Amino acid sequence: LTTVYRVHGNGKILVSNQFKPTKDLIRFGMQGQVPGEYNQMGFYGRGPGENYIDRKTGSAIGIYNGHVKNFTHDYVRPQENGNHTDVRWMALTNKKGKGLVFNKGEDRFLETSAWPYSQEALDRAEHIHELKDEDTITFNVDYGQRGVGGDHPGLAALHDEFKLKKGKNYHYSFWISPV
């Protein structure tokens, strides 16, 4: 994995990631956290509901805004959720409109999500009532995730074109800007 940060004098940061995995991936991306007051999310991509690379054609491209919680999906057993594909930008702001904007780089659209809890809490919870909102917002800015599969009832077969395969070079970049 090679990650390069280019910090510009205007406060913008260009983040470039390049990776050639030795095994198939579930996700290739970056995760971070901001204080819980930055719980307002806006994005220009597919929504408003969650969507994945192999389950996105029913989600319209548009600009969506709301509380981070509005963009999560509560599964009975907590798991990865709230992903959005074909994202041009995502903003996490407070009620005064201050925060961060993540803009796609030159090479591809992003996949993004944000949750009012940590990855660790998500992994630890076995039932949805165990997953409580925290004082931080966890966000994901990804190259992508593999598809969810399941075209055939009872069979979660995933088509090859929706996999993140070992031995392939992956690259993506994005800008972080204050707002």
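Guide: Asp86 is buried, because its relative accessible area of 13% falls under the 20% limit. The model is a predicted one, and that applies to every value below. Which residue does the side chain of Asp86 meet in a salt bridge? The partner is Arg46, with 2.6 Å from N to O.

One of its links runs from Arg27 to Glu80, where the closest N and O atoms are 3.1 Å apart. Arg27 lies in strand S3 (residues 27–35), while Glu80 sits in the loop between strand S5 (60–67) and strand S6 (84–87), so the pair connects parts separated by 53 residues in sequence. Arg27 is partly exposed, with 24% relative accessibility, and Glu80 is partly exposed too, with a relative accessible area of 22%. Both values lie in the range between the 20% limit for buried and the 50% limit for exposed.

Arg27 forms another salt bridge, with Asp142, and here the closest N and O atoms are 2.8 Å apart. Asp142 is in strand S10 and Arg27 in strand S3, so this contact ties together parts that are 115 residues apart in sequence. Is Asp142 buried or exposed? Asp142 is buried, with a relative accessible area of 0%. A search of the whole structure finds nine salt bridges, among them the bridge between Asp86 and Arg46.

Next, the charges on the surface. Where do Glu120, Asp123, Glu134 and Asp135 gather? They form a patch of negative charge on the surface. Asp135 is exposed, because its relative accessible area of 70% is over 50%. Asp135 is placed in the loop between helix H1 (119–124) and strand S10 (136–145). Strand S10 also carries Asp142, the partner of Arg27.

The loop between S5 and S6 holds Glu80 and also Lys69. Lys69 is partly exposed, its relative accessible area being 28%. From Lys69 to Lys132 the separation is 63 residues in sequence and 11 Å in space, C-alpha to C-alpha.

Strand pairing supplies the remaining context. Strand S2 (residues 13–19) and strand S11 (residues 170–178) run antiparallel and are joined by seven bridges. Within S11, Tyr172 is the bridge partner of Asn17. S11 also pairs with strand S8 (residues 99–104), in the antiparallel sense and over five bridges. In that case, Trp175 in S11 is the bridge partner of Asn103.

Key
Residues numbered from 1 in each chain as written. Predicted model: local features only at pLDDT ≥ 70, side-chain atom pairs only at ≥ 80, totals over all residues. Heavy atoms only, no water. Patch = residues over 30% accessible without salt bridge, like charges linked within 9 Å, V, L, I, M, F, W, Y side chains within 5 Å. Areas by Shrake-Rupley, 256 points an atom, 1.4 Å probe, with all protein chains shown as cover. Salt bridge = Lys/Arg side-chain N within 4 Å of Asp/Glu carboxyl O. Lys, Arg positive; Asp, Glu negative; His and termini not counted. Charge placed at Lys NZ, Arg CZ, Asp CG, Glu CD. Helix = DSSP H or I, 4+ residues; strand = E, 2+ residues; numbered from the N terminus. Buried < 20%, exposed > 50% of the residue type's maximum accessible area, 1.4 Å probe, protein only. Pairing = 2+ DSSP bridges.
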